[in-house]
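The sequence and structure come first.

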Amino acid sequence: MHNKTINDTHIGDIGQHQGLYVPEPPYRPGEVNDFSHVYIPPVSASKMPPFTAKPNDITDLAYGLIRVLDEDANAGGEWHINIEDDILIKGLKDMLLTRMFDERMQLMHRVGKISFYMKCTGEEAISVAHSLAIDDEDMVFPSYRNQGILISRGQRLIDLMCQCLSNVKDNCKGRQLPIMYSFKNLNFFSISGNLATQFSQAVGWAMAEARKRGNRLATSFVGDGSTAELDFHSALNFAATYNPPVILNIVNNQWAISSSQRIAGGERTTFAARGIGFGLPSLRVDGNDFLAVYAASKWAADRARSGYGATLIEFFTYRVAPHSTSDDPSAYRPADEEKTWPLGDPIERLKAHLIKTGAWSEVLHKALIEDYTAMIKSQYKEAESYGTLKGGGRPDVTTMFEDVFEEMTPNLVRQRQELGL
Ligand SMILES: Cc1ncc(C[n+]2csc(CCOP(=O)(O)OP(=O)(O)O)c2C)c(N)n1
Ligand SMILES: [Mg+2]
C-alpha cells in the first residue's frame with residue numbers, strides 16, 4: 001500500500017491550481033537548495049519478498065526506497081544478501097575506473113580532441129552493480145550513461161576512446177556521436193540518441209528469447225525524463241502482457257538536461273509506481289548504494305530467469321555532472337545542489353564499507369588510482385595516435401556506403417560514383 005510517510009520535495013500532492021499547471025523545479029540558481037524532505041527510510045524498513053511474489057502484494061516497494069548501506073557504511077536489512085568480497089572489490093574498481101575514464105574524456109573535450117562527451121558521475125553503482133548481478137551473456141539495451149557496464153564487462157578503454165575520437169580504429173567508423181557505443185562482442189546493443197527506443201527493443205528481444213526458450217535475459221535503461229516517451233509505456237505494456245525475461249530500469253537522476261524530473265510527472269508519484277498500473281513488480285532503490293543495486297538487480301534477474309517475467313526498477317540517484325559537454329547546469333539549478341544531495345557518493349560509500357569489513361584499505365585505494373592514472377594515460381596516448389577531431393586518421397570515406405544494406409541501393413551506388421570512388 002502507498003506509504004503515507006513519503007513526504008519529499010519531489011513526491012506528493014500537487015494541490016489545487018487554477019488553470020494550466022506547469023511544474024517548476026524546487027530551487028533555481030541563487031536559491032538555497034534543500035533536500036531535507038527527501039524520504040530516506042532506515043535500512044531495516046526495506047522488506048525483501050521472495051522473487052516469486054505476486055506484483056499486487058508488493059506494491060509498497062514502489063513507494064519506499066530499498067537500502068542496504070546505512071549512513072555509517074554498515075550493511076544490513078533484508079536486502080543484505082551474501083556477495084563475495086571479490087565481486088565487491090571488482091565493483092569498487094570498475095566504478096573508480098569509470099569515473100576516472102569520464103574525467104579524462106571530459107578533459108579531452110575541453111582541449112578540442114573530441115566533439116562531445118557525457119559523464120555518469122554519481123551514477124556509477126547503477127551500471128556496475130547491475131552488470132555484476134546479471135550474466136555477461138545477458139543482452140543490454142543501454143542508454144548513453146551506461147559506460148560502467150562496458151568497463152565492467154571488460155571492454156578495453158582504448159576501444160571506447162577510439163569511438164569517442166571517431167578515428168580509424170573507431171568500431172562505429174565515425175558514424176555515431178561520441179559515446180554512442182555499440183559492442184556486439186559484449187552483448188551491448190547500439191546506443192540510440194532517440195530517447196527510450198531501447199526499452200521496447202529490449203522487450204522485443206526478450207519476447208524472442210522466451211519464444212526460443214532460451215536462458216538469457218534483456219536489461220534496459222532509461223532516464224527519468226525518458227519515461228515521458230511513448231516507447232516507455234508501450235514497452236511496459238508488452239512486458240506485462242507477454243511475460244518476457246526483461247529488467248526495465250529507470251535511472252532517476254532528477255534531471256533531463258535542464259528539465260527537472262517534475263516535468264516528467266515525478267512530482268505526482270514515484271517513477272517505480274508507473275509499473276503498478278501494468279501489474280509489474282516495481283522496486284524503488286537507492287541508486288547510490290552498490291549493495292542495494294546489486295541485490296535488487298539479482299532479485300529481478302532471478303525472477304526473469306525463473307519465468308516470472310519483467311521487473312521495473314527505479315534507481316533513485318542524482319546527476320552530479322552537467323547533462324553533457326553542451327550543458328551548463330549553473331543556468332538552471334543551484335550551484336550547491338550536488339553538495340546537499342543526501343544519498344552520498346556511490347564510490348565513497350562502498351569504499352568505506354569495504355574498509356570497515358577489512359576487505360580494502362586507503363593504501364590499496366591510492367595505489368589503484370596511481371595504476372589507473374598510468375593506464376588511462378598510456379591507452380589514450382595510443383588511441384590518439386590513430387587520429388582525433390583535430391587531425392590524424394579518419395575512417396576511409398568509402399566506408400560510409402558500406403554495412404547498411406546487404407546490396408548497395410542504386411542511389412548509393414550513384415553517390416559513390418559521383419565521389420569518384
Ligand atoms: C526522442 C528524443 N527527444 C529529445 C531528445 C533530446 N534529449 C537528449 S537527452 C535528453 C534528456 C533525457 O533525460 P533523462 O531521460 O532524464 O536522462 P539523463 O540524461 O538524465 O540520463 C533530451 C531531452 C532526444 N535525444 N530524443
Ligand atoms: Mg535524468
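## Salt bridges

Glutamate 124 is buried, at 1% relative accessibility. In this predicted model, its side chain meets that of arginine 99 in a salt bridge, with 2.8 Å from N to O. Glutamate 124 belongs to helix 2 and arginine 99 to helix 1, so the pair ties together parts that are 25 residues apart in sequence. Arginine 99 also counts as buried, at 14% relative accessibility.

A second salt bridge joins the side chains of lysine 113 and glutamate 384, at 2.5 Å from N to O. Lysine 113 is in the loop between helix 1 and helix 2, while glutamate 384 is in helix 10 (residues 362-385), so this pair ties together parts that are 271 residues apart in sequence. Glutamate 384 is partly exposed, with a relative accessibility of 26%. Another salt bridge is formed by the side chains of arginine 333 and glutamate 337, at 4.0 Å from N to O. Arginine 333 and glutamate 337 are both buried. Salt bridges with shared partners also link Arg67, Glu71, Asp286, Asp289 and Arg349 into one network. The total for the model is 24 salt bridges.

## A buried lysine without a salt bridge

Lysine 119 is located in the loop between helix 1 (85-110) and helix 2 (124-133). Which side chain of opposite charge is nearest to lysine 119, and how far away is it? The nearest is glutamate 103, 5.0 Å away. A salt bridge requires the nitrogen and the carboxyl oxygen to be within 4 Å. Lysine 119 is buried and has no salt bridge.

Beyond its neighbours within four places in sequence, lysine 119 is in contact with Asp102, Glu103, Gln106, Arg145, Gln147 and Ala321.

## Ligand 1

Ligand 1 is surrounded by 15 residues, and the closest are Tyr144, Arg145, Gly193, Ser226 and Trp255.

For glycine 193 the backbone is involved: one of its polar backbone atoms is 2.7 Å from a nitrogen atom of the ligand.

## Cysteines

How many disulfides does the model contain? The count is 0. Cysteine 162 is in no disulfide, and the nearest cysteine sulfur, that of cysteine 164, is 9.3 Å away. For cysteine 164 the closest cysteine sulfur is in turn that of cysteine 162, and the 9.3 Å between them is too far for a bond. The cut-off applied to a pair of cysteine sulfur atoms is 2.5 Å.

Cysteine 162 is buried, at 2% relative accessibility. Cysteine 164 is buried too, with a relative accessible area of 2%.

## Leucine 217

Leucine 217 is placed in the loop between helix 5 (197-211) and strand 2 (218-223). Is leucine 217 buried or exposed? Its relative accessible area is 0%, so leucine 217 is buried.

Leaving out residues up to four places away in sequence, leucine 217 touches Ile134, Asp138, Met139, Trp205, Pro245, Ile247, Ala301, Ala304 and Arg305. Its C-alpha atom is separated by 26 Å from that of glutamine 176, which is 41 residues away along the chain.

## Positive phi angles

Most residues other than glycine have a negative phi. Alanine 73 has a positive phi of about 65 degrees although it is not a glycine. Alanine 73 lies in the segment before helix 1 and is buried, with a relative accessible area of 9%.

Alanine 196 also has a positive phi, near 75 degrees. Alanine 196 is in the loop between helix 4 (157-165) and helix 5. At 0% relative accessibility, alanine 196 is buried.

Definitions and conventions: Residues are numbered from 1 along each chain as its sequence is written. Chains are lettered from A and ligands numbered from 1 in the order in which they are written. This is a predicted model: local features need pLDDT of at least 70, side-chain atom pairs count only at pLDDT 80 or more; totals for chains, interfaces and linings use all residues. Side-chain values use heavy atoms; hydrogens and water are left out. Helices (H or I, at least four residues) and strands (E, at least two) are DSSP runs, numbered from the N terminus. Buried means under 20% relative accessible area, exposed over 50%, partly exposed in between (1.4 Å probe, protein chains only). Lys and Arg count as positive and Asp and Glu as negative; His and the chain ends are not counted. Contact means heavy atoms within 4.5 Å. A residue is near a molecule or strand if one of its heavy atoms lies within 4 Å of it. A polar contact is a pair of N or O atoms within 3.5 Å; within protein, one must be able to donate a hydrogen and the other to accept it, and residues adjacent in sequence count only if both atoms are side-chain atoms.
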